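Here are my notes for you on this one, point by point. Have the structure open while you read.

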Amino acid sequence: MLSPHEKEEIQKEIALYPYAQAACIDALKVVQEHRGWISDEAIRDVAEELSMSVTEVDSIATFYTRLYRKPVGRNVILICDSVSCMVMGYETVYKRISDILSIRFGETTPDGRFTLLPISCLGDCDHAPSLMINNDLYHDIAPEQVQTLLDRYK
Amino acid sequence: MEKPLTKYILPDKDPLDFAAYSKEGGYAGVDKALKQMAPDEVTNLVKDSTLQGRGGAGFPTGMKWSLTLKNPGGSGLKYLITNADEMEPGAFKDRYLLEGNPHQLISGMIIAAYAIQAQKAYIFLRWAYKKAEVILKKAIDEAYKAGYLGNNILGTGYSLDMYLHSSAGRYICGEETALINSLEGKRGLPRSKPPFPGTSGLFGQPTVVNNVETLSWISHIVENGADWFKKLSLTGEGGTKIYGVSGRVKKPGLWELPMGTPLREVLMDYAGGMQDGYELRGIIPGGGSTDFMTPDHLDVPLDFKGTVSAGSRLGTGTMIILDDKTCPVAFIKNLISFFSAESCGWCTPCREGLPWTDKILQAFEEGRGKMEYLDTLSFHTRYMGPGNTFCAHAPGAMEPLQSGLKYFRDDFIRHIHEKSCPWR
């Protein structure tokens with residue numbers, strides 16, 4: 001069931017559009033903000049709130065890469081794997097992170113601390129290689145900086 | 001050299017707030033347009049300026065505005081949307097404008113909305129642009145407080161509301177009709193055209209979608225005139241352009257230079273040339289969906305016509321450099337993998353063809369390539385080319401591949417003969 005806070009925030013989004021269904025993506029983002037990811041139950045809740053079918057909401061939730069349909073860790077690492085970052089060596093940064101955390105793209109550490117995902121492109125090409133941890137952008141990353149960077153996120 | 005777009009963008013400094021930007025005359029264009037000009041006059045001025053869209057396609061901006069239905073049915077509303085969903089690999093200019101001078105964009109949006117008589121304007125922002133999101137929210141609030149947004153702007157009777165929408169992350173949402181679907185809360189699938197958005201766009205109403213850099217020009221053009229804009233360029237295509245360079249150059253970055261600046265000048269004088277120990281092999285001039293240019297093209301003027309004459313497109317004007325220590329096949333595969341992952345899956349050639357192409361390139365990289373695969377790749381570039389797919393996603397993906405097969409064919413063949421990637 002949607003919490004009063006979630007309902008209130010979703011209603012604010014609905015007010016920006018001519019009809020409730022147009023706020024579907026925003027509603028899913030609200031749920032994700034509160035719960036970390038979008039479960040089947042959350043899909044049903046949003047569908048009910050917006051008078052949409054469950055299938056319709058699910059088809060939208062699964063289309064967008066930044067809507068998570070599976071649980072993610074407390075901190076999400078997004079490594080830019082676009083061509084500029086490839087030329088500038090993102091693969092060595094990825095390998096370092098992958099070695100330290102013992103996870104690959106798409107996986108979460110057993111303690112739920114980190115999820116590692118690829119992203120393209122962060123629009124930070126002149127400072128490649130770049131990555132984001134949660135909402136923080138880091139650029140000109142060298143593999144030797146990785147451990148210090150990860151230590152900031154508990 | 002005039003740099004209207006970046007004049008007030010100061011590295012590592014917060015952008016000018018409303019008061020500071022107004023003090024510099026930043027909203028003078030809005031005052032002039034709304035108080036002294038009829039909407040059609042504004043559109044005609046932008047037409048006269050020859051401003052072409054800076055998002056990649058280069059469609060004439062004033063023409064796009066004039067194709068907007070004058071008297072819409074239904075709710076009677078019209079919409080203006082800023083496409084700030086910059087997600088093309090290698091493109092990073094709009095982030096600079098959004099974070100560096102949000103009021104330049106907002107003032108341009110107010111004038112553009114007035115010209116087409118839109119009552120509502122949206123900024124469709126790339127999900128990852130978190131800093132820009134905070135900056136834009138503050139700037140929109142400031143513009144409301146100053147009376148430049150909301151009811152009866154400057155006492156002219158014209159009213160406009162502006163909203164910021166952060167996307168949920170799909171490259172296809174940069175395509176204007178997919179963007180409109182996404183803004184309606186749907187899957188970001190492209191729409192069949194016609195009807196064009198100017199007739200039936202957001203919520204079925206007439207809509208104009210323009211790029212950030214395009215709209216950032218508008219208040220300057222209103223203030224200074226069409227001739228001023230045209231004279232800023234080195235060629236017949238008006239204005240300046242924000243060029244960018246990424247890859248193994250000494251000083252990667254962004255520079256506002258006259259439209260038509262030669263490639264050599266951008267690459268050598270501004271980006272500082274190649275890093276020591278690296279040779280230039282190829283240039284993708286305007287984001288990941290443009291054809292390779294080569295060192296033979298260094299004297300080509302970087303404008304819409306110049307890049308076409310070199311067999312490519314200006315695109316976003318943010319170029320990616322291929323050096324001699326990077327495998328061209330891996331470079332192209334990286335782009336194809338991106339386009340394959342980002343295909344919306346709506347039409348078969350794109351949904352099936354891009355993963356197929358990706359697998360063939362993977363085979364080359366793993367030393368499993370065969371000579372006949374070169375023909376298969378060429379076949380794909382034709383059958384996923386313009387006219388054979390629902391939108392421009394797959395044709396765009398084919399541009400680096402088709403030119404890569406032309407310029408780096410020997411490198412593909414080396415992969416076959418050596419049964420591995422020579423760069424690994």
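**Notes on the model**

1. Start with helix α3 (residues 40-50) of chain A, where A42(A), I43(A), D45(A), V46(A), A47(A) and L50(A) are buried. Buried here means under 20% relative accessible area, with exposed over 50% and partly exposed in between (1.4 Å probe, protein chains only). Helices (H or I, at least four residues) and strands (E, at least two) are DSSP runs, numbered from the N terminus. The cover over the buried residues of α3(A) includes α1, α2 and α4 (54-61) of chain A. After α3(A) comes S51(A), with a positive phi near 55°. An α-helix has 3.6 residues a turn, so residues three or four places apart point the same way.

2. Housekeeping: this is a predicted model, so local features need pLDDT of at least 70 and side-chain atom pairs count only at pLDDT 80 or more, while totals for chains, interfaces and linings use all residues. Residues are numbered from 1 along each chain as its sequence is written, chains are lettered from A and ligands numbered from 1 in the order in which they are written, and side-chain values use heavy atoms, with hydrogens and water left out.

3. Chain A overall: seven helices and four strands, in the order α-α-α-α-β-α-α-β-β-β-α along the sequence. Its C-alpha trace spans about 50 × 35 × 25 Å along the principal axes. Of the 154 residues in chain A, 51% are buried. Contact means heavy atoms within 4.5 Å; among contacts in chain A with a separation of 6 or more, 59% are between residues 24 or more positions apart.

4. Now the cores. A nonpolar core is a set of buried Ala, Val, Leu, Ile, Met, Phe, Trp, Tyr and Cys residues joined through side-chain atoms within 4.5 Å. The largest has 130 residues, and W65(B), I110(B) and F331(B) have the most contacts inside it. Helix α6 (residues 102-116) of chain B gives the most to this core, with ten residues. Apart from it lies another core, of 43 residues, including I14(A), I38(A), V57(A) and F63(A). Leaving aside neighbours within four places in sequence, I110(B) touches Y27(B), V30(B), L34(B), Y148(B), L149(B), Y158(B), L160(B) and M162(B). In soluble globular proteins, nonpolar side chains tend to be buried together.

5. T115(A) sits in strand β2 (residues 114-119) of chain A and is buried, at 3% relative accessible area. Its side chain reaches the backbone nitrogen of G73(A) at 2.5 Å. That is a polar contact (a pair of N or O atoms within 3.5 Å; within protein, one must be able to donate a hydrogen and the other to accept it, and residues adjacent in sequence count only if both atoms are side-chain atoms). Beyond four places in sequence, the contacts of T115(A) include V72(A), N75(A), V76(A) and I77(A).

6. The side chain of R248(B) reaches the backbone oxygen of V87(A) at 3.5 Å. Setting aside neighbours within four places in sequence, R248(B) is in contact with V87(A), M88(A), M274(B), Q275(B), Y278(B) and D323(B).

7. Q52(B) lies in the loop between α3 (39-49) and α4 (61-66) of chain B and is buried, with a relative accessible area of 18%. A polar atom of the Q52(B) side chain lies 3.0 Å from the backbone oxygen of G58(B).

8. Last, the second largest pocket, with a volume of about 1,200 Å³. On a 1 Å grid over the protein atoms alone, a pocket is an open set of points with protein on both sides within 12 Å along at least five of seven lines, and lining residues have an atom within 4 Å of a point. Grid points are joined across faces, edges and corners, and a volume is the space filled by probe spheres set on the points. Of the 35 lining residues, K29(A), E33(A), K130(B), E133(B) and S166(B) are the closest to its centre. α7(B) gives the most to this lining, with six residues.

Definitions and conventions
1 Å grid on protein atoms, 1.4 Å probe; cavity = no way out; pocket = protein on both sides within 12 Å on 5 of 7 lines; lining within 4 Å.
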